[in-house]
Amino acid sequence: YIDARSGASLTVAPGGSVACSQVRITSGTVSLTGTFDCEVRLRSQSSSVTLTPGGDLTVTDKFWFDSYYNGRTITLDNSGNYDITFTGDVDCSSTYTTAWTPGTTGSIIFDGTGDQSVDLNDLSVDAIQVTKTAGTLTFTDGFTCQGFEVTSAQDGTVDFNDQSVVIEGDATFDGGGTVLCGSGTIEVGGN
């Protein structure tokens, strides 16, 4: 695995990727840019941890927050307005404090063909786009997002799994797949 610590900046050239078992961010602020074909784990081991994308970021395996000690915060800071694409599971739950700083124009993109489980831990996050061509995207906890779009490329299933969701902006469901709302509440502030 790669252990990235405070001040580290890992940039993958366009068309390239990092293939290892895991990128582990264990202290301070770290910047990631490009495609990571491995788990990305934010682990507050020796201090609070902040991931700040330095450009568009793609994680093709599990992305997760892992608080190791009480009193430390794990933050994803996307105030730089980059697109963050996930094709694996996302787990932002943690025993301790977690935070997500959304930008104003960046998006979270859920893509790929496999099933994905997403726990956004009731955080307020960037706008979400779903572009999956197959598989099921299941939200296991509620969240607030700036907008929500199921694109015309989407042909899988989006399952809100009885969660409460707040969409502050517009919600667009344009795909050929299935959207399951269940008994949860989806509040839309835009159109």
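**Figure 1. The salt bridge between Arg41 and Asp66 in a predicted model.** In this predicted model, the side chains of Arg41 and Asp66 meet in a salt bridge, with 2.3 Å from N to O; the term stands for a side-chain nitrogen of Lys or Arg within 4 Å of a carboxyl oxygen of Asp or Glu. Arg41 belongs to strand E5 (residues 39-44) and Asp66 to strand E8 (residues 63-67), so the pair ties together parts that are 25 residues apart in sequence. Strands (E, at least two residues) and helices (H or I, at least four) are DSSP runs, numbered from the N terminus. Both Arg41 and Asp66 are buried, where buried means under 20% relative accessible area, exposed means over 50%, and partly exposed lies in between, as found with a 1.4 Å probe and protein chains only.

Figure 2. Because Asp66 lies in strand E8 and Arg43 in strand E5, the pair ties together parts that are 23 residues apart in sequence. Asp66 counts as buried at 15% relative accessibility, and Arg43 is buried with a relative accessible area of 12%. Side chains of opposite charge can pair when their charged atoms come close.

**Figure 3. The salt bridge between Asp3 and Arg5.** The structure holds 3 salt bridges, and one of them joins the side chains of Asp3 and Arg5, at 2.7 Å from N to O. Here Asp3 counts as partly exposed, at 29% relative accessibility, and Arg5 also counts as partly exposed, at 46%.

**Figure 4. Phe63 in the largest nonpolar core.** A nonpolar core is a set of buried Ala, Val, Leu, Ile, Met, Phe, Trp, Tyr and Cys residues joined through side-chain atoms within 4.5 Å. The largest such core has 42 residues, of which Phe63, Ile128, Phe139 and Phe148 touch the most other members. Strand E4 (residues 28-36) gives the most to this core, with 3 residues. If residues up to four places away in sequence are not counted, Phe63 touches Val40, Leu42, Leu51, Leu76, Phe86, Asp89, Val90 and Asp91, a contact being heavy atoms within 4.5 Å.

**Figure 5. An open sheet of 4 strands.** The strands follow the order E15-E18-E21-E24, with parallel pairing. Strand E15 (124-125) and strand E24 (186-188) stand at the edges, each with a single partner strand, so one side of each is left without a neighbour in the sheet. Two strands count as paired if DSSP finds at least two bridges between them, and 3 bridges join strand E21 (residues 165-167) to E24, the two running parallel. Within this pairing, Val166 stands opposite Glu187 in E24. Strands of a sheet pair through backbone hydrogen bonds, either parallel or antiparallel.

**Figure 6. The setting of the close-ups in the protein chain.** The protein chain contains 0 helices and 24 strands, and 45% of its 191 residues count as buried. Its C-alpha atoms fill a box of roughly 40 × 35 × 25 Å, taken along the principal axes.

**Notes to the figures.** Residues are numbered from 1 along each chain as its sequence is written, and side-chain values use heavy atoms, with hydrogens and water left out. Since the model is predicted, local features need pLDDT of at least 70 and side-chain atom pairs count only at pLDDT 80 or more, whereas totals for chains, interfaces and linings use all residues.
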